[in-house]
Every structure is written in C-alpha cells, then in structure tokens.
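Please examine the sequence and the structure below before reading on. The paragraphs that follow lead through selected helices and their packing.

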Amino acid sequence: LEDSIQLSRSRNWIAAILFIPLCMVVYSHGLYEPDIASGLQPPLRLAVVTGALACYLLLRAFLNWQLEMHNFRSKTFTAANRSFYNYAIILFFLLFLAGALLKAFSCDERLTRTVLVWIMAISYLFYIIRRGQIFSSSCNPFTTFLYLCSLELLPTAALVLSARLL
C-alpha cells in the first residue's frame, strides 16, 4: 500500500475524515470518559473526547518524529508508522457495526460498552503485533520491543490514565 502514492494518500484522507465519526462513536457508547468532562453538557463532553483523542494522535506523531530510526530502512519505518491509519479505519467500522448491532439487540449499555472495549483491545493487540512484525523485518527483536514500548506504551498509557475506569 505504501508503494502506491495515490492509494496511501486516499487511505490517509479516509482515516482523517473518519476521525470525527470515530470520536462520536467513542463518545456515544461512553468508551472514553475523562474526569474533566463529567460535569459538562453533552456537546462539550464530545469536544473534550475529540480533543483528548487529538492530543493522543499528536503525542503519537511527535514520538514517531523524535524516535525515527535513521539507521534502518525508511520504507520499513514509514510502513510501520502509517499502519496506524489502517488500524483506525478498521477500528471505526468494527465499533460502528458492533455498537449498532448491540444497541439494536440488547438494551444493556454496560454489555455494549464491555464488548466494544474488548473489540478495541483485541484490535489494538493485532495492530501492535503487526507493527512489531514490520519493525522486526529490519531490526532485532530486542530493539523492536524497546522501540514499540517507547512509541506505543507512553501515548496509550496517557490516554487510558486520563479516563475513568469502566
């Protein structure tokens, strides 16, 4: 996908366009509820959720920029970093479809939230494994592990710690 400039540009635009709908799905099911948004009106809570997810993306972009491996092939690094766009697109469609089906067939919001959190966790695990596979094609496993810890653990921990527990 990264070899085709037109396909990768289209994929990036789709991911950018789906950012707001993804935030709306996350907000509507209560998947991310930061403490600072607990007393706000619904439109402002959506803005807080969108801002927090945007900060998460900015932190990821900053870390990717700062920790770029110059001594490894840049094509591998680019493919690994842009795989997040694929993950975000797939995650949106999984959450949207599963959330709609669960709301239609179940009245239990807690069940819906739990299933969607598990979908997010499992898809994130697949994303991390795939990104590790891409990095390990050009560097050793220990470097891959340390690199993924620095690029993935910090932004994800910040996002998770800023939210209330389910």
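In which hand of crossing, left-handed or right-handed, does α4 pass α5? The crossing of α4 with α5 is right-handed; a crossing is right-handed if the near helix is turned clockwise from the far one by less than a right angle, and left-handed if anticlockwise. This is a predicted model, in which local features need pLDDT of at least 70 and side-chain atom pairs count only at pLDDT 80 or more, while totals for chains, interfaces and linings use all residues. Residues are numbered from 1 along each chain as its sequence is written, and side-chain values use heavy atoms, without hydrogens and water.

Helices here are DSSP runs (H or I, at least four residues), numbered from the N terminus. The axes of α4 and α5 come within 9 Å and cross at roughly 160 degrees; axes are lines fitted to C-alpha atoms over the stretch in contact, with angles from 0 to 180 degrees between N-to-C directions. The two helices α4 and α5 are therefore roughly antiparallel (an angle over 145 degrees).

Threonine 112 belongs to helix α5, residues 109-136. Its relative accessible area is 4%, so threonine 112 is buried (under 20% relative accessible area, with a 1.4 Å probe and protein chains only). Beyond neighbours within four places in sequence, threonine 112 is in contact with His29, Leu102 and Lys103, where contact means heavy atoms within 4.5 Å.

Helix α3 spans residues 42-66. Its buried residues include Val48, Leu53, Tyr56 and Arg60, and the elements that cover the buried residues of α3 include α2, α4, α5 and α6.

Notes. Buried < 20%, exposed > 50% of the residue type's maximum accessible area, 1.4 Å probe, protein only. Expected span 1.5 Å × (residues − 1). Parallel < 35°, antiparallel > 145°, perpendicular 65-115°, else oblique.
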